[in-house]
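Here are a few exercises to work through with the model open in your viewer. Try each task before you read its solution.

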Amino acid sequence: MARILALLLVLSFTLPALAVPVPPMNGVVNDPENQLSLWQRKALIQQVSDLNARTGTQTALLLIPTTNGETIEHFANEVFNRWQLGDARRNDGVLVLVAWQDRKVRIEVGSGLEDMLTNALAKQIIDEYMIPAFRQNDLNTGIVRGVEGISTVLASQPLPKAQPPSFFQQMAAWFSLWKSLIVLAVVIIALTIKGKIRTLAGLFFIACPLAVILFAYSEQNPLLLPFTIFCAAVPAFILLMMLCVWLLYPQRLTAAGRQKYRESRQLNYSRGGEACTDTTHYTSSESSGHSSSESSGHSSSDSSSGGGGSSDGSGSSGNW
């Protein structure tokens, strides 16, 4: 009897831990674990909001690490009905659920859209549009292409064969803002130490208008935001380095001062050579350092729930 009670006590603690609670709906893109970057979420929010405004349906995304052993079909249906996606009479909601660590994805479709977004089309979107990007460890591109496929179907257009990601999409997925800023800082420091004033001036006058142009287009395409920040950082870093040099070594900013500095180095080098005898020593050292950090923000839209739609389990799932 004691053993049975002990087993029941253990199960009472373990069974609730296996279930994943349904997270609250905070807009059309829900990423509670911040698996996407800030600008990736902003771009997705814009994409899904445009889809909903154009079709009159309600599509929402949920990105979670794992379902803790629960089937993705059951969990997606539970989320769909809890969020009440779509209109209560039309049942025109769509849920895209990605369990990234489980390597599983599900498109849950409201009963009112089953004739338009069929199980076969949902499976085609998953298999041809989303999973190839997921296999390349590119979560954002897979979701973007999945939403594009859903948008095409809901617009009553035939679903074309999936195309590989564009060059810009590949660059946006590969680009790391913080690593690039660190490299930029090292390059500017090296150019400043070597006295490459003309090179720094050229970078300054190229980066300023480029940052303004990218900022103007980043409203339509938030994926341009990290490139905008990078271009804006170029003149900022240059001005910061010039200020440091002006405070510490003001003579380095003038042509006469740089010439005097070079002559002084050459004189010191020649004196060192005269002090040597028959033995010449060569020393070299190399050092390199890398560091990276990511930050992500949290963004949400005005809507917090659907109009009361429900799903009877229609849709398709996939894993990679």
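## Exercise 1: a helix pair

Take this predicted model and describe how helix 8 and helix 9 pack.

**Solution.** Start with the geometry: helix 8 (residues 197-218) and helix 9 (residues 225-248) pack at an angle of about 150°, and their axes are 8 Å apart. Next comes the hand, and this crossing is left-handed. Then list who touches whom: helix 8 contributes residues including Ile197, Leu200, Phe204, Ala207 and Leu214, while helix 9 brings, among them, Leu225, Phe227, Cys231, Pro235 and Met242. Finally, sort the contact residues by type: 19 are nonpolar, two are polar and none is charged.

## Exercise 2: length and burial of helix 8

Check whether the end-to-end span of helix 8 agrees with 1.5 Å a residue, then find which of its residues are buried.

**Solution.** The 22 residues of helix 8 should span 32 Å, and the end C-alpha atoms lie 31 Å apart, so the two agree.

## Exercise 3: the cores

Which residues touch the most other members of the largest nonpolar core?

**Solution.** Among this core's 34 residues, they are Val98, Ile107, Ile125, Met130, Phe134, Ile143 and Ile150. Elements that each supply at least two core residues include helix 2 (38-55), strand 3 (93-99) and helix 4 (119-135). Now zoom in on Ile125: beyond its neighbours within four places in sequence, its contacts include Ile107, Leu117, Gly146, Ile150 and Leu159. Apart from this core lies another, of 16 residues, including Val22, Leu62, Val79 and Leu85.

Note on methods:
Residues are numbered from 1 along each chain as its sequence is written. This is a predicted model: local features need pLDDT of at least 70, side-chain atom pairs count only at pLDDT 80 or more; totals for chains, interfaces and linings use all residues. Side-chain values use heavy atoms; hydrogens and water are left out. Axes are lines fitted to C-alpha atoms, for helices over the stretch in contact, and angles run from 0 to 180 degrees between N-to-C directions. Helices (H or I, at least four residues) and strands (E, at least two) are DSSP runs, numbered from the N terminus. A crossing is left-handed if the near helix is turned anticlockwise from the far one by less than a right angle, and right-handed if clockwise. Contact means heavy atoms within 4.5 Å. Ala, Val, Leu, Ile, Met, Phe, Trp, Tyr, Cys and Pro count as nonpolar, Asp, Glu, Lys and Arg as charged, and the others, Gly among them, as polar. The expected span of a helix is 1.5 Å times one less than its number of residues. Buried means under 20% relative accessible area, exposed over 50%, partly exposed in between (1.4 Å probe, protein chains only). A nonpolar core is a set of buried Ala, Val, Leu, Ile, Met, Phe, Trp, Tyr and Cys residues joined through side-chain atoms within 4.5 Å.
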